[in-house]
Structures are given as structure tokens and as C-alpha cells.
Amino acid sequence: MGKVSRENQTALSDFHLLGLSAQPEQQPLLFGIFLGMYLVTTVGNLLIILAISSDSHLHTPMYFFLANLSLTDACFISASIPKMLANIHTQSWTISYSECLVQLYFLILFGGLDNFLLAVMAYDRYVAICQPLYYSTAMSPQLCALMLGMCWVLSSFAALLHTLLLTRVVFCVHEAIRHFYCDPRALLKLACSDTHINEVMMITMGLMFLTTPLMLIILSYVRISCAVFGISSSTGQRKVFSTCGSHLTVVLLFYGSLMGVYLLPSSTHSVDRESRAAVLYMVIIPMLNPFIYSLRNRDMKKALSKLFGSNKTFSPRQ
């Protein structure tokens with residue numbers, strides 16, 4: 001692909017998103033399916049937040065981070081699906097250059113927050129199970145706020161770095177993104193200038209922001225497993241594992257699909273398979289999270305029942 005001058009970048013005003021299907025007869029079905037999933041996801045995660053904030057019994061570190069995870073999931077899906085639905089509705093498949101950069105920033109921001117929050121929640125379970133006497137100290141409100149702040153800072157840094165690096169890339173005009181959102185790897189394939197720095201930073205930051213939280217999660221669960229197998233009572237073992245089951249299920253689904261998109265070599269899978277994996281971790285998993293955390297959690301069931309069964313509200317405990 002030939003080089004183009006920096007001046008030619010001004011001719012690029014928008015990209016063409018190919019979406020999930022080029023068949024016109026499938027568009028109404030896709031619109032209905034994704035609108036339904038988007039509404040279920042946003043309503044479900046907002047209900048989790050309301051249930052936790054309205055029940056003083058859930059004002060603990062575990063539910064504090066769960067509420068933030070629910071907020072992140074609602075924002076994560078909102079960064080891509082509304083634009084996709086608007087494109088299907090208007091039959092206009094374009095996204096402007098500036099809109100693409102903004103979308104990319106928020107996708108990386110909230111995707112990074114998901115990673116870090118899952119790691120912090122695993123650490124919370126490790127301290128609660130393996131170091132119960134130090135739990136109130138290790139997971140004090142001040143330290144929880146500090147950990148949440150660090151998650152935001154690191155995720156914002158990664159999102160801003162990727163976005164700024166992308167502004168230096170010169171794109172070929174009249175090119176299409178073979179995705180339903182502004183995927184960074186798909187964008188770099190459209191470049192007419194050198195993208196070596198972008199590719200190196202994408203791999204480096206991907207390893208740091210994917211592998212590091214995953215290693216922390218694995219380490220936490222290894223320690224938890226060692227502690228659980230030291231319990232002689234099978235009832236006690238099941239009780240401990242039940243407190244981690246929901247989180248572990250979300251971790252397996254999230255990282256399994258994420259690695260299928262970004263860590264496997266591009267030669268091993270097609271663009272269609274990438275799109276299906278992206279739908280899994282960007283849409284389906286955020287939609288399932290409220291069900292996973294509420295259906296298997298007695299406290300969440302009680303809080304949701306109280307939320308629906310009474311108009312009485314509770315002010316958050318200070």
C-alpha cells in the first residue's frame with residue numbers, strides 16, 4: 001500500500017462500518033436483537049446499582065466493587081451499541097473520524113476498567129477468605145476508594161495513549177472498517193502511513209492491561225483454593241466456593257472471549273469470528289453479569305426483592 005502525504009488526511013472525514021451483516025433483510029432482525037440486549041443490559045446493571053445503594057447490608061467492599069462493575073458494563077455497551085443501532089435505523093453506515101476516536105477512547109477506558117475491577121474483586125475474595133482477621137484493615141473504605149481511583153487512572157492512561165497515537169496515523173480515504181465498532185486493529189489495517197509504534201504499543205499495553213490483572217486473578221484463586229482444600233468440612237468448602245462462583249464465571253467468560261479477539265494470531269481466525277467474539281465480551285457478557293451475580297447471591301436477591309417490593313429508600317451508609 002502506497003504512502004500518502006499528511007495533507008491527504010484532511011480528505012478523510014468518516015469511516016464506513018460494515019457491521020455484522022451486509023444483507024439488508026437481516027438488518028431489522030439485528031436491530032431488534034441488539035436493542036433488546038442493550039435494554040436488558042442497561043436496566044439490569046442499573047438495578048444492581050440501585051439495589052446495592054439502597055440496602056445498607058450491602059455497603060461492603062465486595063458490593064462496592066460490584067456496583068462499579070455494573071456501572072462500567074452499562075457504559076461499556078453504551079459506547080458502541082447505540083451507534084450501531086442508529087446506523088441500522090438510518091441505513092447510514094458511516095462514523096465520522098472524530099466520533100471514531102471518541103468511541104475508541106471510551107471502549108478502551110471501560111474495557112480496561114472491567115479488567116482491573118475483576119482483579120480487585122478477586123483480591124477482595126482472597127483477603128476475605130484467606131486473611132479474614134485483616135479484612136477490615138486491608139479493605140477499608142479509604143483503600144477501596146484508592147484502588148478504584150487507580151483503576152480509573154490506569155484505564156484512562158491507556159485509552160488516552162492509544163487515542164493520541166492514532167491521531168498521528170494517516171488513513172486511506174474511502175476505506176471500510178470490517179467491524180460494527182471502531183476496532184483499533186481494524187483501523188490500523190486501513191493506515192497508509194507507518195503504524196509500527198501503534199502496533200508495538202498495542203501489544204505492550206495489551207499484555208500489561210490484560211495479562212497483569214489475569215495473573216492477579218489466577219494468583220488470588222490459587223491461594224483461595226489452597227485455603228479451601230485445607231477445610232475439613234465439605235459443607236464449609238462449598239460455602240466458600242459459592243461466594244466466588246459468580247465472579248469466577250464472569251472472569252472465565254470475559255477473558256476467554258477477549259483473548260479470542262486480541263491474543264490469537266489473525267491468521268487463525270476470520271473477521272466474522274472476531275466479530276462474534278467481540279459481541280460476546282462487549283454485549284452478551286455485560287448482559288449476563290446482573291443475572292450471574294443476582295441469581296446465585298441470596299443477599300442480592302433480598303435487596304432486589306426489597307427494591308421492587310417497597311417504595312422505601314435507604315440512604316447510603318457513610
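Start by selecting residues 27-54: that is helix α1, and V40 sits in it. Keep in mind as you click around that this is a predicted model. Color V40 by accessibility and you'll find it partly exposed, because its relative accessible area is 36%, between the 20% and 50% cut-offs.

Time to go inside. How many cavities of 30 Å³ or more are there? The count is two.

For the largest one, select L17, L18, G19, L20, S21, Q27, L30, M84, N87, I88, W93 and F180, which line it. The space in there is about 80 Å³. You'll meet α1 again here: α1 and α3 (81-90) each supply at least two residues of this lining, and α3 gives the most, with three. Color by residue class and you get eight nonpolar, four polar and no charged residues.

Then hop to the second largest cavity, with a volume of about 70 Å³. Its lining is L104, I108, H162, L165, L166, P184, L188, N198 and M202. Show α4 (97-130), α6 (141-167), α7 (184-188) and α8 (196-229), the elements that give two or more residues to this lining. Which of them gives the most? That's α6, with three residues. By class, the lining of this second cavity has seven nonpolar, two polar and no charged residues.

Definitions and conventions
Residues numbered from 1 in each chain as written. Predicted model: local features only at pLDDT ≥ 70, side-chain atom pairs only at ≥ 80, totals over all residues. Heavy atoms only, no water. Helix = DSSP H or I, 4+ residues; strand = E, 2+ residues; numbered from the N terminus. Buried < 20%, exposed > 50% of the residue type's maximum accessible area, 1.4 Å probe, protein only. 1 Å grid on protein atoms, 1.4 Å probe; cavity = no way out; pocket = protein on both sides within 12 Å on 5 of 7 lines; lining within 4 Å. Points joined across faces, edges and corners; volume = space filled by probe spheres on them. Nonpolar A, V, L, I, M, F, W, Y, C, P; charged D, E, K, R; others polar.
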